[in-house]
Amino acid sequence: MLRPFRVLEPSTAGEAAAELGRLGERAKVYAGGAELLLLLRHKLVQADYLVNIKRIGALDKITWDGAILRIGATVTHHRLEKEPLVQKYLPMFAHAESQVANLRVRNQGTLGGNLCFNDPHSDPGPALLVYEASVKLAGASEERLTTLDDFFVDMYATTLRPDEVLTEVQVPPLPAGFSGAYARVHRFQRPTVAVAAAVKIENGRLDNVRLAVGCVGPKPQRLQELEAKIRGISLKDAQRVISQSGPYFMKLLRPVDDLLGSADYKLYMTRTLLARALEEAPNGDRGAKSAKGD
Amino acid sequence: MIVNGQSWNGQIPVQETLLEFLRNRLGLTGTKRSCESEICGACTVLVESQAVSSCNYLAYEAHGKSVLSIEGLSVGDQLDPLQEAFIRNMGFQCGFCTPGQLMMAKALLLDNPSPTREQIVEGMNGNICRCGAYPAITASILEVAGLTAKK
């Protein structure tokens, strides 16, 4: 049984933000509910009010403006895996979305909710970091845009203020010549380690590369230092660099032991999956074959 | 709300889950409560033909929508082809997860009437059977997909 609460159904993001500002800690944003209702049931979160943002019509749209794919906060994971615009412009992201938990969670869970929870064991974050996505945050009277990289702060923590609502995720496709891959290992329907890679190969060398890793530590991370190190070298050499970068991963990713695996295992799989994703990425955008768990 | 083809009108507290509503208010106990974490699939029902975990879905959200639970899968005495296939193939052992398995399979076939074995395995990955009836469950769904394809 869930503890009783009241549901507010504002019709604009500004109104939602105003309600959140007025009610403070007593209110939580309710989108799909995939994570929020679980946390309420397990009494990890308390709320006297849920601010349901699903009635805000503008938030469930996916639009292409010629340069950026704009994804409304209440678009579900299932819509993202199936949506032709996402498959066309962000195929690696569409693949990552198809891997989220199970069909029931994908039918219910929203992209906005997923990013705002910033659960460390999650698929969309690392993929979107490689696309260099941004998020639009609406307050009662003004909006701001921030990169996803800056948005993620720590485990379950983002720069979203208590009186703001995430309204839109803006994702540019990979630049010309790039192709991407997403690879993961998983248990209990959550990724233990997830990596996303995008590469541009020229004359057998990595002309350009973007890498991101999720689930190992508190938040998804771009690997800029490593990217700089492997730019301009061959795939084989890049894989060698990755296999020797244990201390770098240790320092950057802050691996933790958790239910899904030990810190050592996650670091090991980070190197394995990065090498695999680099190998798969040039062959297209569908994403690397994922290892199967239960 | 239309539940298994019958309309229901009334007030529901907003915090009541669809699982509680079906089991406690309507006495439809075929939908099972198990993990309460959207992992096991025992509570799967269809809302507007989409599979949801009824344990984690607020019943008031189904206002004006159609809900299908295991009790509504057969038409009178006529079992759904999926139910018949599960019986023929022994697609269960203890039976606890079976209503959820059947509802998820129903959702899959509504979305794609002729899935491959791989698509079935992928689509059913969120429904756990502790007896391990997976091969027979997959065979049952494949059989129904084949029947549909022939028609």
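User: How far apart do the C-alpha centres of domain 2 and domain 3 of chain A lie?
Analyst: In this predicted model, they lie 21 Å apart. Domain bounds come from an automatic or database domain assignment, which gives domain 1 (6-52), domain 2 (58-171) and domain 3 (179-283) of chain A.

User: How many residues does the contact take from domain 2 and from domain 3 of chain A?
Analyst: Domain 2 of chain A gives 21 residues and domain 3 of chain A gives 22 residues. Two residues are in contact if their C-beta atoms, placed from the backbone, lie within 7 Å.

User: Which element gives the largest share on the side of domain 2 of chain A?
Analyst: That is α8(A), with five residues. The elements giving two or more residues to this side are α5 (91-98), α8 (124-131) and β8 (152-154) of chain A. Helices (H or I, at least four residues) and strands (E, at least two) are DSSP runs, numbered from the N terminus.

User: And what does chain A give to the contact with chain B?
Analyst: Chain A gives 20 residues, and chain B gives 18 residues. On the side of chain A, the largest share, five residues, comes from α6(A).

User: How is numbering done, and which cut-offs apply to the model?
Analyst: Residues are numbered from 1 along each chain as its sequence is written, while chains are lettered from A and ligands numbered from 1 in the order in which they are written. Local features need pLDDT of at least 70 and side-chain atom pairs count only at pLDDT 80 or more, whereas totals for chains, interfaces and linings use all residues.
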